[in-house]
Amino acid sequence: MLLSELLTKLTCGDLEGKELDEAVTAITDAPSAPRDEWIDSDAQAYAVAILSHLADYIASSDKLDELHEQIQDMFDEFPDFPYELLKESGGSALPYFEWLDTELAQRAVEESGYDLIQIDGNGSDEMDALLVYRRDTNDIIQAAALMGVTIGRPLTYYRGIDAMAGKRPG
């Protein structure tokens, strides 16, 4: 998959024309461009460049309720953060991401619904998340991996954490 196709899928087709061309050039050149000292690999340079050029499409926070507010702002109507669900879960984020996944699947149904993905590599504890069409998620993850950029689904990550926590000796 070409980088332009990846960026198009990451923005649900919103990034196009001159802006798309500029983003492709900047991301392609990222490994050889001057970079902050904390960026320690070409893969991280790619990730930071992607995050920078897609900033208008990203929800970013280290707090779930703040991340949710940013996601909520992407829609005309979207439910408020389910504080009770988190309270009942004993602090696990998994029930929130399962709830969110159900909500996102019900939107853009003609495009197979939305999916929440996370791009790693920003060098902080913040989650940088994008809404993409569910049908494109696997292609996005695979194309990013070819650049060394890690993209995953928070839902999958938290299911893994929950499964590991269940196997720990008590």
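Two strands are said to pair if DSSP finds at least two bridges between them, and strands (E, at least two residues) and helices (H or I, at least four) are themselves DSSP runs, numbered from the N terminus. The model described here is predicted, so local features need pLDDT of at least 70 and side-chain atom pairs count only at pLDDT 80 or more, while totals for chains, interfaces and linings use all residues. Residues are numbered from 1 along each chain as its sequence is written, and side-chain values use heavy atoms, with hydrogens and water left out.

Strand β3 is joined by bridges to both β1 and β2, as the table shows.

| Strand pair | Sense | Bridges | A bridge pair |
|---|---|---|---|
| β1 and β3 | antiparallel | 4 | A59 and A129 |
| β2 and β3 | antiparallel | 5 | Y114 and Y133 |

In β3, 7 of the 7 residues are buried (under 20% relative accessible area, with a 1.4 Å probe and protein chains only), so this strand is largely enclosed by the rest of the structure. M127, A129, L131 and Y133 lie on one side of β3, and D128, L130 and V132 lie on the other.

The buried residues of helix α4 are L64, L67, H68, I71 and Q72; seen down the axis of α4, they fall within an arc of 140° (taken from the directions from the helix axis to the C-beta atoms), so they line one face of the helix.

Conventions. Buried < 20%, exposed > 50% of the residue type's maximum accessible area, 1.4 Å probe, protein only.
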